[in-house]
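This report goes through salt bridges, a ligand site and backbone geometry in turn.

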Amino acid sequence: MSNNKKNITKREFIKYSLCGLGGLALGINSIDLIANHVGKISGRGGMPPSDELWKWSKEAMYYIETPRGIKCQLCPHVCVLKEGETGDCRTRVNNKGKLYTIAYGNPCAAHVDPIEKKPLYHFLPSSKSFSIATAGCNLACLNCQNWEISQSSPKDTRNYDLMPWRLIEECKKYKCKSIAYTYSEPIAFYEYTYDSAKLAKELGIKNILVTAGYINAKPLRDISKYIDAANIDLKSFSNEIYEMLIGGTLQPVLNTLKILKQENVWIEITNLIIPSWTDDFDMIKKMCDWLVDNGLNEYPLHFSRFHPMYKLTNLPSTPTSALEKARNIALNAGIKYVYIGNVPGSNAENTYCPNCKKTLIERRGYSIISNNIIDAKCKYCGEKISGVWE
Ligand code: SF4
């Protein structure tokens, strides 16, 4: 061994030796994907879209002109784009001094999902959600399970023709109570989400964001008026891990949680526990304490099991013991509803009354076996159960 070689811990060895060796591991079996992935493009600086794609474009919201180019203000990356350049999310382009989204009305994935799949456990249980995504994402998680679309551009996928009015028609046709903007990252198709959610709300259809929450405050507050529920992926409670694993920073996501609470959006939080990356129980304890200190302990917290994926294919799946330990930490910290996801048959899929501890909602996967919540209360002791039940 070279004298210059830095000693690393076993934990660091697992993390760094395995990162980046994976790749073409899994398809996207869970969603109805018509988008044939035909190649990668670079992010900023990619080629401008073809004439065909301009059919699916619209002038973007939230940008200013600067002497160095157009500055997008939608997310904390605040990309500055010269003529013809594309943002890090691969969906926003500087064309002749204006910023355009090229992810408008052209989702590459569309599917009817149970609401429990988002996951949302305290929001209209057993209902169906019309779920869509365009290509693109403003983050680049090493563990992304939908990387074939999130790390692509709408230029590179085969897409549906679903302008907002048509999206609503499809939602009604399939008797869905909500539209979920999901799978990739709705912030990357913000204008499409905004216009669709506004129209849906007018027609009595609910709107759901499934997002990493990496967005600036103003656009988040603006869209919140039309959003009923959000599942926020709080990926870690370490800024360093955010930078290395995801390509973002932690504080904007914490801001998002606080803003959504202020705007009365129903929130559920997902925390994926990845061995050697996000399985530090001291960090999990700090995260739970922060949630409690900020009045977020009434909102469900889902600890989710990692399976080898994308650039982390050689990591092991999360041991169920780690998920159970995290759940106990969260419950002891004062979070009232804590679930374990991606572990079929776990009792931690069920909802328990935080007062009398009786089983309120029994789940098997995405199915509800029994529901003992009546008028938003425990049928046994009358405890109020937080959520949107009707
Ligand atoms: S939304 Fe896209 S273009 Fe805008 S700042 Fe974020 S990554 Fe850059």
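Asp233 is partly exposed, with a relative accessible area of 22%; the class lies between buried (under 20% relative accessible area) and exposed (over 50%), using a 1.4 Å probe and protein chains only.

## Basis of the values

The model is predicted: local features need pLDDT of at least 70, side-chain atom pairs count only at pLDDT 80 or more, and totals for chains, interfaces and linings use all residues. Residues are numbered from 1 along each chain as its sequence is written, and side-chain values use heavy atoms, with hydrogens and water left out.

## Other salt bridges

Searching the whole structure gives 12 salt bridges. One of them joins Asp195 to Lys58, with the closest N and O atoms 2.6 Å apart. This pair links distant parts of the chain, since Asp195 is in helix 4 (residues 190-202) and Lys58 in strand 1 (residues 58-59), 137 residues apart. Helices (H or I, at least four residues) and strands (E, at least two) are DSSP runs, numbered from the N terminus. Asp195 is buried at 18% relative accessible area, whereas Lys58 is partly exposed at 34%.

A network of salt bridges links Asp113, Lys117 and Lys118. Within it, Lys117 and Asp113 have their closest N and O atoms 3.5 Å apart. Asp113 is buried, with 1% relative accessibility, while Lys117 is partly exposed at 22%.

## Ligand site

Which residues are around the ligand? They are Cys72, Leu74, Cys75, His77, Val78, Cys79, Gly87, Asp88, Cys89, Arg92 and Asn138, a residue being near if one of its heavy atoms lies within 4 Å. By class, this shell has six nonpolar, three polar and two charged residues. Ala, Val, Leu, Ile, Met, Phe, Trp, Tyr, Cys and Pro count as nonpolar, Asp, Glu, Lys and Arg as charged, and the others, Gly among them, as polar.

The ligand sits in the largest cavity, meaning that more than half of its atoms lie within 2 Å of the cavity's grid points. A cavity is a set of points, on a 1 Å grid over the protein atoms alone, where a 1.4 Å probe fits but cannot get out.

## Backbone geometry

Most residues other than glycine have a negative phi, and most peptide bonds are trans. Val78 has a positive phi, near 35°. Val78 lies in the loop between strand 3 (69-72) and strand 4 (80-81) and is partly exposed at 32% relative accessibility. Val78 is also one of the residues around the ligand. Asn342 has a positive phi of about 70°; its place is the loop between strand 14 (338-341) and strand 15 (351-352), and its relative accessibility of 44% makes it partly exposed.

The peptide bond joining Lys118 and Pro119 is cis, with omega about -5°. Pro119 is in the loop between strand 7 (109-114) and strand 8 (128-133).

## Met309

Met309 belongs to the loop between strand 13 (301-305) and helix 9 (320-333), and is buried at 11% relative accessibility. Met309 and Leu142 are 167 residues apart in sequence, with a C-alpha to C-alpha distance of 8.1 Å.

Note on methods
A salt bridge is a side-chain nitrogen of Lys or Arg within 4 Å of a carboxyl oxygen of Asp or Glu. On a 1 Å grid over the protein atoms alone, a cavity is a set of points where a 1.4 Å probe fits but cannot get out, and a pocket is an open set with protein on both sides within 12 Å along at least five of seven lines; lining residues have an atom within 4 Å of a point.
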